[in-house]
Structure formats: structure tokens, C-alpha cells
Amino acid sequence: MSEIVWAPDVVEESVLLAERRLPPADARAFRRQRDRIYRELEPDRREVRFQTLHLEWFRRLRLAAILEQTIEAHGAVLQRVRGCAVARARSNREAGADLVDASQAGSDTDRRPMLLLQVMPAALLDPAALAGWLQHELMHVSDMLDPAFGYQRTLPSSPDDPVAGNIVRDRYRVLWDVSIDGRLARAGRDIGAKRAVRAFEFAATFRMLGDRLPEVFDDWFDRVQPTHGRILAVAGNPGGRPVDAGRCPVCRLPTGAPFDSAAGLTAPVEALVRANHPGWRAEHGLCLQCRDLYEARHADFARARGLHDAGRLEVAAPHPIPIE
Amino acid sequence: MPTVRNWQLGREMSYPYDARFPSRQFAFVFNINRCIACQSCTMACKSTWTFNKGQEHMWWANVETKPYGGYPQWWDARILARLEEANPAGQVWGGAPADARFGPYGVFEGTTIFEAAATTLTPDSARVLGYLPADDEWNAPNIYEDNPVGKRGVRNQLDPTGEQLPEHKTWFFYLARICNHCSYPACLAACPRKAIYKRPEDGIVLLDQAECRGYRKCVEACPYKKSMYRGNTRTSEKCIACFPRVEGTDPETGGEPMETRCMAACIGQIRMQGLVQIAADGTWAEDRQNPLYYLVHVAKVALPLYPQFGTQPNGYYIPPRWVPRPYLRQMFGPGVDQAIDSYVNPSRELLAVLQLFRRSNRIIDRYEIQEGPKVYEGSLRGRKVELFNDTVIAFGRSGREIFRTTIEEPIHVRTNAHANSI
Ligand code: SF4
Ligand code: SF4
Ligand code: SF4
Ligand SMILES: [Zn+2]
């Protein structure tokens with residue numbers, strides 16, 4: 001792989017942040033050089049001079065060191081990419097590693113992809129956190145490059161249900177992250193308190209697993225050797241129940257997820273669904289969104305009724321409400 | 001370090017420069033009770049001054065949803081926390097409110113950002129206690145829009161009786177903000193190149209683009225975070241108080257001082273801006289018939305934003321009457337109870353002055369009231385209420401009448417020539 005290409009705004013911002021920690025004499029020297037560039041009024045020449053100065057100090061302050069060392073330690077990844085570029089991330093959400101197709105990068109002979117790292121410049125000033133973050137991100141990339149993993153960029157989606165596509169993508173991301181930190185831990189790497197963080201995310205995303213949650217999490221963290229297909233299978237159908245690709249009997253929207261059994265509905269919520277859909281029976285089930293909706297509506301009605309009974313709300317609810 | 005007199009804090013404080021006062025001071029009053037977060041002000045400023053490359057993240061005027069929102073995110077919580085660390089449990093007010101233009105809220109016994117710098121920072125950067133927001137904190141001008149607070153300690157649930165007045169337990173409000181053109185600007189104090197200056201004629205604080213070298217000390221120092229760095233010019237920029245309008249040199253003004261873009265655009269009619277006269281000692285010179293003077297010093301219904309920072313900001317707010325008092329006292333100081341009391345039970349004169357908001361885009365220098373007939377008598381929350389249909393007349397700097405309006409909303413009956421048109 002050729003050398004790492006740093007975006008000028010990452011270089012500049014990290015140097016400006018590092019300046020605050022410099023011994024006063026060094027900071028003054030940096031400012032003396034930088035202040036002079038403002039006298040250059042020709043925009044292109046001025047830009048070049050700023051970039052040159054910042055790069056010089058970037059090297060001098062060794063702000064690239066951790067990132068370059070960590071990447072170099074990943075020989076297997078390096079062999080499969082054509083080069084690496086570092087760009088500025090504007091938020092933690094935006095930060096991460098990805099592969100850019102050779103075709104997008106405009107190469108004719110070398111078909112290998114480019115490695116693109118998006119980092120917040122401030123991250124370069126915190127070596128320990130940066131190294132930990134990078135080893136996680138590079139494992140994503142190493143999975144993507146590994147034929148045995150079988151990564152595919154686009155996940156299956158349904159044209160009439162974009163929401164389902166987003167849900168699957170979220171679950172995919174969480175599972176993949178769990179398996180990466182799990183594998184790093186198994187390999188004896190220091191991942192700090194990551195196990196608890198991942199367990200929390202996992203629990204928030206896979207609530208439908210109920211009692212089986214801890215067991216499934218442990219399995220993915222401690223044992224599973226993931227592949228794209230395996231992650232997708234769980235992300236698409238976490239409960240492992242037979243997939244009914246039909247429409248929800250209540251809202252009649254297509255649903256990727258199996259219908260939730262209505263068993264968990266309380267009697268008044270069930271009655272509220274029936275009041276709106278007279279032909280519906282609990283055995284028909286309803287989608288998760290409908291279930292959330294009717295539970296929320298029931299809570300609202302109950303509250304409105306409470307205020308009305310207490311004499312603090314003039315208008316009663318617009319139609320008869322079955323509440324306990 | 002020199003000492004200066006801060007009338008909002010009722011005491012002297014240290015400041016890196018000697019006090020120098022303008023003859024008039026740019027100032028404004030925002031009535032939070034009326035803001036609907038339509039963001040017309042935000043967009044008026046953006047489309048006038050910050051629509052260029054490199055200014056994408058800049059919102060000199062912004063409206064944020066309190067208590068969770070903020071632009072940049074958590075700006076007030078972060079600086080309040082740093083002050084608290086510098087002076088644990090000491091950020092309190094004492095003394096009695098003075099019946100004068102110096103110390104009307106009592107005496108602030110805590111530490112300002114200038115004083116905290118001296119005790120907590122290394123000498124080199126010791127002028128102002130502040131912090132530099134990270135990139136992502138500037139990303140959202142109204143993050144947590146309309147997110148209310150529920151009962152204390154109860155998550156994901158609103159208080160079932162939270163809407164009861166006098167104070168809601170389920171609440172939020174909109175805080176409209178621009179640069180406060182402070183009397184003791186932190187941005188100015190922190191600039192190592194003296195690129196920031198305060199104009200002697202109107203107290204507007206400007207940042208000289210030819211002098212700025214992008215040190216970002218002002219961004220770090222301004223406790224209100226109203227100075228912002230621009231990556232492509234490598235200089236900082238801030239609100240310029242639309243000075244060509246305030247001066248009356250903008251062609252649109254026709255030579256008569258006009259309120260700023262963000263004021264003029266205000267749909268909720270919450271904003272009034274003017275120029276107040278400053279006395280030799282830095283307090284507001286008595287000017288009984290100036291509407292801003294009346295609201296701040298006579299009715300005492302409008303209060304400075306976070307006066308405890310110590311910059312003596314020139315933006316004043318009529319606090320939202322439904323918000324818990326401890327929160328408001330932290331934000332506007334101890335004058336909150338009296339301000340809300342005057343606003344909720346307005347005097348005959350206050351009611352008239354409140355009608356002056358946004359009837360014109362001209363700067364009002366002076367008002368007069370002509371008494372009108374009694375139009376209502378009744379009682380509200382156990383107090384007797386009388387309404388008079390007084391007429392209030394606004395005059396400009398030149399003494400010319402700008403407009404007159406009445407307490408009762410004027411009714412216009414349209415002829416039925418075009419019955420269904422708007
Ligand atoms: S609000 Fe901030 S930027 Fe504006 S004058 Fe005050 S310290 Fe300076
Ligand atoms: S006074 Fe002018 S420059 Fe300042 S925030 Fe308002 S519109 Fe923007
Ligand atoms: S224009 Fe007025 S009402 Fe609208 S958000 Fe701005 S301050 Fe509030
Ligand atoms: Zn449904």
C-alpha cells in the first residue's frame with residue numbers, strides 16, 4: 001500500500017487543537033509562522049502555504065503516529081487495499097472505516113479498493129482511545145475483505161417497506177459490533193468496558209428475544225464466528241420464527257417481521273383495537289407498530305379520561321373509549 | 001488586572017481592560033412568553049450575513065429549546081459547570097436589590113468568568129474561563145426541539161398534571177439568542193491581537209477581519225458562544241448587530257435608525273431593540289420614556305441572560321412565566337420573581353409599552369401615553385383588573401412620530417367588494 005493520504009482539514013484542525021498543549025515557546029513559534037501567511041492575499045498561494053505549514057507541524061508533533069502504526073500492524077488488510085485516505089468526520093456517528101470501490105476511485109489497473117477512514121480531528125490527540133477505536137474499525141474492514149465472511153454492501157430490502165430495511169440495517173450493525181468486540185476480547189485485546197456497552201445496545205435492539213436475550217448475547221460475544229449470511233439471518237428474523245411476509249391484519253401494511261402474537265395485549269388495549277377493527281380477533285395478531293400505537297393511544301385516552309373526571313378537561317375524548 | 005463596575009452584579013469585578021463606555025448602547029428585550037420558534041429571525045440573519053461558503057455551521061441568531069437544547073450543544077451547562085468547579089457552592093447572590101440602577105438584583109457573591117480565570121488557569125491564557133466546543137456540538141441549531149421535561153426522576157413519562165399553572169411540571173421554552181454586545185465582552189478580553197473592539201457611538205462589538213489571525217480565543221472565551229470560527233478564511237466571525245441598519249446608513253433605512261434583520265423578522269413580535277443612553281459611570285442614564293429603559297429599570301420585567309458570567313450582556317428577557325423558578329433564577333438571576341409578577345399583573349403603563357413591540361421596524365427612542373376610556377373591569381386570580389384603552393405613541397431619534405397604537409386591538413372591517421379574497 002502506498003502512504004496514507006491525509007485530508008488537509010484533519011491535519012489543520014488537529015494541529016490547532018494540539019497547539020493548546022504546546023510549551024509556550026513552541027506555540028509562539030507556530031503562531032509567528034502562521035500569522036505571516038495572512039499577509040498573502042492571493043487565495044491559492046495562501047491556501048498552499050497554510051497547508052504546508054500545518055503538515056509540517058503535524059509531522060513534527062507526531063499526530064499521525066498512532067494511526068499509522070495501527071494500520072501498519074494490520075498487514076492482511078493492507079495487502080488487499082490500494083491505499084488509505086483519512087477524511088474529517090463532523091460527529092462521532094460519521095466517524096468510521098469504509099472501503100471505496102476501485103472504480104469509484106478511478107483506477108484502471110489496480111482493482112483493489114481504497115481504505116477510507118473518517119476521524120474527528122480531536123481523536124488524534126487521544127492515542128489510547130484512538131488505537132482502541134481503530135482496531136475495532138479495522139476489523140470491520142478485514143471482515144469486508146475476507147471472502148469467507150462474504151460481505152455484501154446492500155442488504156435485502158422491500159420496495160414497499162423501507163422501514164423494515166432500516167430496522168434490519170440497525171440490527172445488522174449491532175450484531176456485527178458485538179461480534180467484533182467479542183472476537184477482539186477472545187484474541188486477548190484490551191477492549192475496556194466494551195462488553196457492557198455492547199450488551200446494552202444489544203438489549204435495546206433485540207428486546208423481542210425476551211428471556212433469551214442474555215444467552216443469545218453471550219453466544220455472539222463469546223463463540224460465534226460470524227459471516228455476512230449468519231448476521232443477516234438473525235437481523236432479518238431475530239426470533240427465528242417462521243416468516244410471514246403478508247400484511248398486518250390491522251393496518252394492512254406489508255411487514256417484514258412476523259406478526260406479533262396479540263397475547264401480550266392487555267384486555268383494554270385489545271378492546272380498543274377491536275373498537276376500531278370490528279372483525280379483528282386476538283388470534284389474528286398485529287404488527288409491532290400497531291401494537292405500540294394502540295398501547296400509546298390507550299394510555300393517552302386513559303389520561304384524558306382522568307383529567308376529565310377530575311374536572312380539569314372540558315372536552316371528553318372524541319369517541320367512546322374502552323378503558324379499565 | 002483593572003477593576004470595573006458591573007451594575008448587573010452590583011459590585012466591582014476584575015476585567016483585563018479599563019472600563020470605557022459608549023455614549024449609547026445597542027440593547028434589546030425579548031419576551032420569551034411569546035416566541036413560537038418559527039425561526040424567522042434565524043433565517044433572516046442567515047440569509048443576510050452567513051450564507052457563504054465556510055459559514056454553513058454559523059447561526060449568529062438562533063432559537064433553541066430549553067432545557068435540553070443549545071447551540072452549540074450544552075453551551076450554558078458546560079460553562080456553568082466550569083464556574084461551579086472553580087467556585088464550588090459559591091455561585092450565589094446576596095444583598096438586597098438596590099432601588100437604583102446599580103445593583104438592582106442584589107450583589108453577586110460568586111465568581112465571574114474573568115475572576116475564575118485568575119484562580120484556575122495558567123497565566124498565559126488567564127484572561128477568561130471558557131472552553132472550545134467540538135465540531136459536532138455546532139451541528140444542530142435547535143437540537144431537542146420541543147422536547148419537554150417531565151417529573152423529576154421519572155424517565156420517559158410526562159407528569160399527568162404537569163400543565164397546571166402557575167408553574168408547569170412538564171415544560172420547555174424557546175430561547176432566542178444573538179450576540180449580547182456585552183459591556184465587558186469576553187471575546188474582546190481574550191483576543192491576543194486586539195482584533196475585537198466596541199464602538200464608542202453604539203457599543204456594538206465588532207471583530208476586525210483584517211486583524212483576526214484565527215486564534216479562536218474569542219470562540220473559547222465567549223460564554224454565550226456567539227463568536228464562531230470560519231475554516232476557509234481562517235478568521236472568526238460574529239454578529240455585527242446589522243450596524244448599517246442601526247446607524248441608518250443602509251439604503252433601506254432612508255437615514256433613520258432601523259432595527260436589525262432578526263428583530264424586524266420576528267413573527268411572534270417578541271423583540272424590541274434600541275439604543276440606550278449610558279451614564280458616565282457605565283450604568284444606564286435615566287431616560288424614563290425610553291421603552292427599553294422602562295422595561296429594564298422601571299417595570300423590572302426584563303432581565304439579563306446569565307448575568308453571573310460577568311460580561312454585562314445587553315440582551316434582556318421577559319422570563320417565561322410557566323417555567324420552574326429555580327431554573328429561571330439560575331438563568332436570569334434573582335430578579336425573576338419580581339419580573340414574572342409584573343408581567344402577569346401588568347400595570348397600566350406596562351400594558352401600553354408591551355404594545356410597542358414590532359409595530360414598526362424603526363428604532364423607538366421615546367414613547368408617550370394618551371389615556372383612554374376604561375373598557376373592562378373584573379378580577380383575575382383574586383386581583384382586581386381594570387383595562388383602559390390607552391393610546392401609546394412611539395417617537396424616533398429625530399423626534400418624529402413613528403406610529404401610534406392602542407391597547408385594544410384595532411378592528412378593520414373590510415368592504416365586501418372582494419368578500420373571499422385574503
Ligand atoms: S455575547 Fe460573546 S461574542 Fe457577543 S460581545 Fe458578549 S462575549 Fe463577545
Ligand atoms: S443583529 Fe443582525 S447580524 Fe446580529 S444576529 Fe441579528 S440579524 Fe444577525
Ligand atoms: S422570529 Fe420571533 S417568534 Fe419566531 S423564533 Fe424568532 S424570536 Fe421566536
Ligand atoms: Zn399493523
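**View 1. Six salt bridges are counted between chain A and chain B.** A salt bridge here is a side-chain nitrogen of Lys or Arg within 4 Å of a carboxyl oxygen of Asp or Glu. One to look for joins the side chains of A:Glu47 and B:Arg234, at 3.0 Å from N to O. On the side of chain A that touches chain B, α1 (8–19), α2 (24–37), α3 (43–60) and α13 (288–309) each supply at least two residues; helices are DSSP runs of H or I with at least four residues, strands are runs of E with at least two, and both are numbered from the N terminus. That side of chain A divides into eight nonpolar, three polar and twelve charged residues. For this grouping, Ala, Val, Leu, Ile, Met, Phe, Trp, Tyr, Cys and Pro count as nonpolar, Asp, Glu, Lys and Arg as charged, and the others, Gly among them, as polar.

A word on the model: it is predicted, so local features need pLDDT of at least 70 and side-chain atom pairs count only at pLDDT 80 or more, while totals for chains, interfaces and linings use all residues. Residues are numbered from 1 along each chain as its sequence is written, chains are lettered from A and ligands numbered from 1 in the order in which they are written, and side-chain values use heavy atoms, leaving out hydrogens and water.

**View 2. Two domains of chain B meet.** The domain assignment, which is automatic or from a database, gives domain 1 (3–348) and domain 2 (349–406) of chain B. Here 36 residues of domain 1 of chain B are in contact with 28 residues of domain 2 of chain B, contact meaning heavy atoms within 4.5 Å. Seven salt bridges are counted between domain 1 and domain 2 of chain B. The side chains of B:Glu259 and B:Arg358 form a salt bridge, 3.0 Å from N to O. β12(B) gives the most to the side of domain 1 of chain B that touches domain 2 of chain B, with five residues.

**View 3. Ligand 1 sits among residues of chain B.** Its surroundings include B:Cys179, B:Cys182, B:Cys187 and B:Cys222, where a residue is near if one of its heavy atoms lies within 4 Å. The shell around ligand 1 divides into eight nonpolar, two polar and one charged residue.

**View 4. Ligand 3 has 14 residues around it.** Coming nearest are B:Cys35, B:Cys38, B:Gln39, B:Cys41 and B:Cys266. Ten nonpolar, three polar and one charged residue make up the shell around ligand 3.
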